[in-house]
Amino acid sequence: MPETTGPLVRRSKILIIGSGPAGYTAAVYAARAALAPMLVEGPQPGGQLTITTEVENWPGDESVLGPDLMARMGEQVRKAGVDVVGDLIAEVDLTRAPFLAIGDGGARYAADTIVVATGASARWLGLESETEYRGRGVSACATCDGFFYRGRVCAVVGGGNTAVEEALYLTNFAEKVYLIHRRDTLRADRTNQARLRANPKVEMVWNSEVAEVLGDGGGVTGVALRDTRDGAVSHLAAQGLFVAIGHDPATALFKGQLRMDDEGYILVAPGSTATSVPGVFAAGDVQDKLFRQAVTSAGMGCMAALEAERYLAGRDAHAIAAEGGDVRVLA
Ligand code: FAD
Ligand code: NAP
């Protein structure tokens, strides 16, 4: 088992893994609680919002570019004195305290508490044209981008609850919404299916997959569809394509160490960010498949830091008490 002490180990009271809204918020709170946090940025410094354009639902900013917002958060974190490390955690050992995280270059980080804020990413269809128009008509988040499609035509890909809810949400803005599904039955639950059927703006496109995203260089103009039964190709005009075929939480690293649901989201205690390992907290998209928003992730980052602070206070108090000191332990 790797050592958690020694000259090659960087030691902190709280290690935050991830630099999206959840990780950055946890870092600010932990720094202000004088916990001298260390934050490992990971493969995408700033997280998912760095790959989008306008964000119009971040409180206090009518409209802000995602990369700018995350750069500002990063600056705030650094000014608060957080030790920000450009590394990617490749391995963790949560079986004993202090916990150990190992970077992909071999650096070792030992910490009394860990906040896991590694986020999630949308699954994409894997088409070159989809990548080309991402952010210019192709999106994986109707809550984020639906507003831009007022009076326009949108298409959603997928047959699960997310796809149906995205399609229904888009009907608040779009004049028409196509739901493209590769089979002839939906995976979504009955309630969602009934809502879909009752909505006159939605039209189902069964047994179809998107073969190509069509565009004029500036934005999406439609999709080329392939019939999954006979391969016949047809065209559908739309200005927005929302891909809703699932998300993957970045939790492979914690498999077998933290309890997860069957899709790999980290399980936390209700109303808390506490994971199955005392002292390890999870915040943001890594534990939330319902809301997946910057503001909810930031809120959970705040919760995780406060819970970590409370945990540390309890631990420190217990340790001092064990040595004969007189302390009050936080509830
Ligand atoms: P993320 O932002 O996913 O950040 C995860 C962090 O973990 C990254 O910094 C990554 O580098 C790090 N990490 C991952 N693995 C490791 C590892 N092994 N070691 C170390 N670090 C690691 N939400 C809104 O509220 N409004 C919007 O308008 C909006 N628009 C969006 C547009 C797009 C295109 C996308 C993709 C998402 C959008 N969202 C929006 C959703 C929002 O971005 C997410 O809900 C939010 O970023 C989740 O924050 P997070 O901190 O949990 O994780
Ligand atoms: P999901 O249930 O896994 O559904 C993904 C859908 O995308 C499926 O219909 C699948 O088709 C389709 N798909 C997958 N890969 C595809 C590809 N490459 N091309 C075309 N289509 C593809 O994912 P989800 O809808 O994101 O939901 C995830 C979980 O969260 C589920 O458990 C869901 O019930 C839950 N959730 C619940 C609610 C709610 O209760 N209100 C809301 C949202 C999500 P097939 O059907 O053919 O496999």
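Ligand 1 is surrounded by 31 residues, of which the closest are Glu41, Gln44, Gln48, Asn57 and Ala294; a residue is counted as near a molecule or strand if one of its heavy atoms lies within 4 Å of it. The structure is a predicted model, in which local features need pLDDT of at least 70 and side-chain atom pairs count only at pLDDT 80 or more, whereas totals for chains, interfaces and linings use all residues. Residues are numbered from 1 along each chain as its sequence is written, chains are lettered from A and ligands numbered from 1 in the order in which they are written, and side-chain values use heavy atoms, with hydrogens and water left out.

Polar contacts are pairs of N or O atoms within 3.5 Å; within protein, one atom must be able to donate a hydrogen and the other to accept it, and residues adjacent in sequence count only if both atoms are side-chain atoms. At ligand 1, a backbone N or O atom of Ala22 is placed 2.9 Å from an oxygen atom of the ligand. The side chain of Gln293 has an N or O atom 3.0 Å from an oxygen atom of ligand 1, and a polar side-chain atom of Ser297 lies 3.4 Å from an oxygen atom of this ligand. Taken alone, ligand 1 exposes 1000 Å², and the protein buries 93% of that; accessible areas come from the Shrake-Rupley method with a 1.4 Å probe, and for residues only the protein chains shown count as cover. Two or more residues of the shell are given by each of helix 1 (21-32) and helix 7 (294-322). Here helices (H or I, at least four residues) and strands (E, at least two) are DSSP runs, numbered from the N terminus. By class, the shell around ligand 1 comprises 14 nonpolar, 14 polar and 3 charged residues. In this division Ala, Val, Leu, Ile, Met, Phe, Trp, Tyr, Cys and Pro count as nonpolar, Asp, Glu, Lys and Arg as charged, and the others, Gly among them, as polar.

The second ligand is considered next. Ligand 2 has 14 residues around it, the closest being Asn161, Thr162, Glu165, Arg183 and Arg187. A polar side-chain atom of Glu165 lies 2.5 Å from a nitrogen atom of ligand 2. An oxygen atom of the ligand is 3.3 Å from a polar backbone atom of Gly160, and an oxygen atom is 3.4 Å from an N or O atom in the side chain of Glu263. Ligand 2 exposes 910 Å² when taken alone, of which the protein buries 73%. Its shell divides into 2 nonpolar, 7 polar and 5 charged residues.

An open sheet is formed by 5 strands in the order 10-17-11-12-13, with parallel pairing; two strands pair if DSSP finds at least two bridges between them. Strand 10 (138-139) and strand 13 (202-205) are the edge strands, each pairing on one side only. Strand 11 (residues 153-157) and strand 12 (residues 176-180) run parallel and are joined by 5 bridges; Ala155 has Tyr178 of strand 12 as its bridge partner.

A further open sheet has 3 strands in the order 14-15-16, and the pairing is antiparallel. Strand 14 (208-215) and strand 16 (233-237) stand at its edges with a single partner strand each, so one side of each is left without a neighbour in the sheet. Neighbouring strands of this sheet are turned by 30 degrees against each other on average, direction ignored. Strand 15 (residues 220-227) is joined to the antiparallel strand 16 by 5 bridges. Across this pairing, Arg226 stands opposite Val233, and Ala224 has His235 as its bridge partner. The hairpin of strand 15 and strand 16 has 5 residues between the strands, and Gly231 in this hairpin takes a positive phi near 80 degrees.

Ala97 and Pro98 are joined by a cis peptide bond, with omega about -5 degrees; Pro98 belongs to the loop between strand 6 (89-93) and strand 7 (99-103). Ala36, in the loop between helix 1 and strand 2 (38-40), has a positive phi near 45 degrees in a residue other than glycine.

Terms used:
Axes fitted to C-alpha atoms, helices over the stretch in contact; angles between N-to-C directions.
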